[in-house]
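Me: I have a chain open on my screen and would like to talk it through with you. Can we start with the overall picture and then go into the details?

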Amino acid sequence: MNTGLRITTFAAVLAATFGAAYGVGQGIGPVAADRPPKHEGEHTRPAPEPEEGGGHAGHGTPPAGGLQISDGGYRLDLQTSRVTAGEQTDLRFTVRDAAGRALTAYQREHDKELHLIVASRDLVTYRHLHPTRAADGTWSTPVDLPRAGGYRVFADFTPAKKDARNLTLGTDLAASGPYEARQLPPASTTARAGGYEVKLAGALRPGRASELTLNVSRDGKPVTDLQPYLGAYGHLVALRSGDLAYLHVHPNGAPGDGTTRPGPDISFTATAPSSGSYRLFLDFKHEGTVRTAAFTVHAGGAVTGADTPVGHEPDGHGH
């Protein structure tokens with residue numbers, strides 16, 4: 001994807017998101033969001049995955065998450081369906097049950113009732129946000145997206161009810177303004193994040209649990225005093241290139257459990273729902289600031305190696 005093509009209206013951007021390859025092109029033109037984007041998967045579900053199971057990765061192959069706007073009797077109602085690139089906007093949404101009532105009771109997981117991820121379709125821009133919930137169940141958070149185009153919004157949560165399972169619901173968001181398509185960053189085992197270098201070792205495998213280890217250093221020295229962030233020393237999100245299927249994983253062990261150290265290594269167990277290219281986003285906290293390192297990997301092949309290019313930092317952090 002991403003060979004020369006000028007996109008002049010945001011309708012063209014939306015059309016591209018539903019094609020076999022998104023944003024085939026690289027050019028600049030005006031983008032106008034005239035109507036809210038059509039939600040994907042509102043009445044459909046993703047194809048069955050092998051050894052389908054619920055919850056997070058590492059316990060058999062999970063189903064691909066974030067492809068549907070509704071699941072398990074709950075629906076993501078995004079009230080802010082379009083924004084203007086480069087301008088801060090209050091993003092508002094509600095999770096509704098099968099009767100249309102706003103969900104107001106959530107289980108706290110990793111220090112939060114709900115985790116909100118916003119990612120561009122080309123996987124260059126990434127935001128991990130923690131919105132606030134009003135008494136009526138409406139969630140809100142400021143968001144400032146740097147570039148025009150199509151985005152996917154993911155709400156990761158568990159309802160506060162007996163036997164409830166973790167859900168990841170997804171829907172589309174449009175950002176208007178001058179649009180320029182970008183390529184998926186090349187595969188890399190090293191990424192920069194605000195003066196830090198993060199190295200990735202291991203392999204992401206389809207249908208099978210595997211370990212990924214990320215090593216954090218600064219100025220050539222290992223960082224051994226990482227601070228807990230969301231109840232762990234690291235937080236990892238994986239998005240599949242193309243349809244942006246969502247895989248949310250967490251480190252092996254937790255601060256204070258006697259087995260986990262505050263760096264420089266952070267270890268994760270993950271299972272990819274299928275083969276393909278994925279973008280990994282690692283959040284880690286040091287000296288009071290959360291930073292994000294991003295990698296492109298290919299499920300099914302080793303990601304270790306010395307001759308791969310240095311990965312790009314994602315556009316913004318938004319923690």
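Me: How much of the chain counts as buried?

Reply: Of the 319 residues in the chain, 51% count as buried, where buried means under 20% relative accessible area, exposed over 50% and partly exposed in between, with a 1.4 Å probe and protein chains only. Please keep in mind that this is a predicted model, in which local features need pLDDT of at least 70, side-chain atom pairs count only at pLDDT 80 or more, and totals for chains, interfaces and linings use all residues. Residues are numbered from 1 along each chain as its sequence is written, and side-chain values use heavy atoms, with hydrogens and water left out.

Me: And what secondary structure does the chain have?

Reply: The chain comes to one helix and 20 strands, these being DSSP runs numbered from the N terminus (helices H or I, at least four residues; strands E, at least two).

Me: What is the strand order in the open sheet of five strands?

Reply: The order is β3-β10-β9-β5-β6, with mixed pairing, and two strands pair if DSSP finds at least two bridges between them. The edges are β3 (82-84) and β6 (126-129), each of which pairs on one side only.

Me: How many bridges join β9 to β10?

Reply: Nine bridges join β9 (residues 149-157) to β10 (residues 167-176), and the two strands run antiparallel.

Me: Which strands run antiparallel to β8?

Reply: Strand β4 (residues 89-96) is joined to β8 by six bridges and runs antiparallel to it, with Phe93 standing opposite Trp139 in β8. Strand β7 (residues 132-133) also runs antiparallel to β8, through two bridges, and there Thr132 has Ser140 as its bridge partner. β7 and β8 form a hairpin with four residues between them, and Gly137 in the turn has a positive phi of about 95 degrees.

Me: What is Val216 in contact with?

Reply: Leaving aside neighbours within four places in sequence, Val216 has contacts (heavy atoms within 4.5 Å) that include Tyr196, Val198, Pro222, Ile266 and Phe284.

Me: How many aromatic pairs are there in the whole structure?

Reply: A search of the whole structure finds seven, with rings of Phe, Tyr and Trp (its six-membered ring) pairing if their centres lie within 6.5 Å, and with planes under 30 degrees apart counted as stacked, over 60 as edge-to-face and the rest as tilted. One of the pairs is Tyr196 with Phe284, edge-to-face at 5.6 Å centre to centre and 70 degrees between the planes. Tyr196 lies in β12 and Phe284 in β18, so this pair ties together parts that are 88 residues apart in sequence. Both Tyr196 and Phe284 are buried.

Me: Which residues form the aromatic cluster?

Reply: Tyr74, Phe93, Tyr106, Trp139 and Phe157 form one aromatic cluster.
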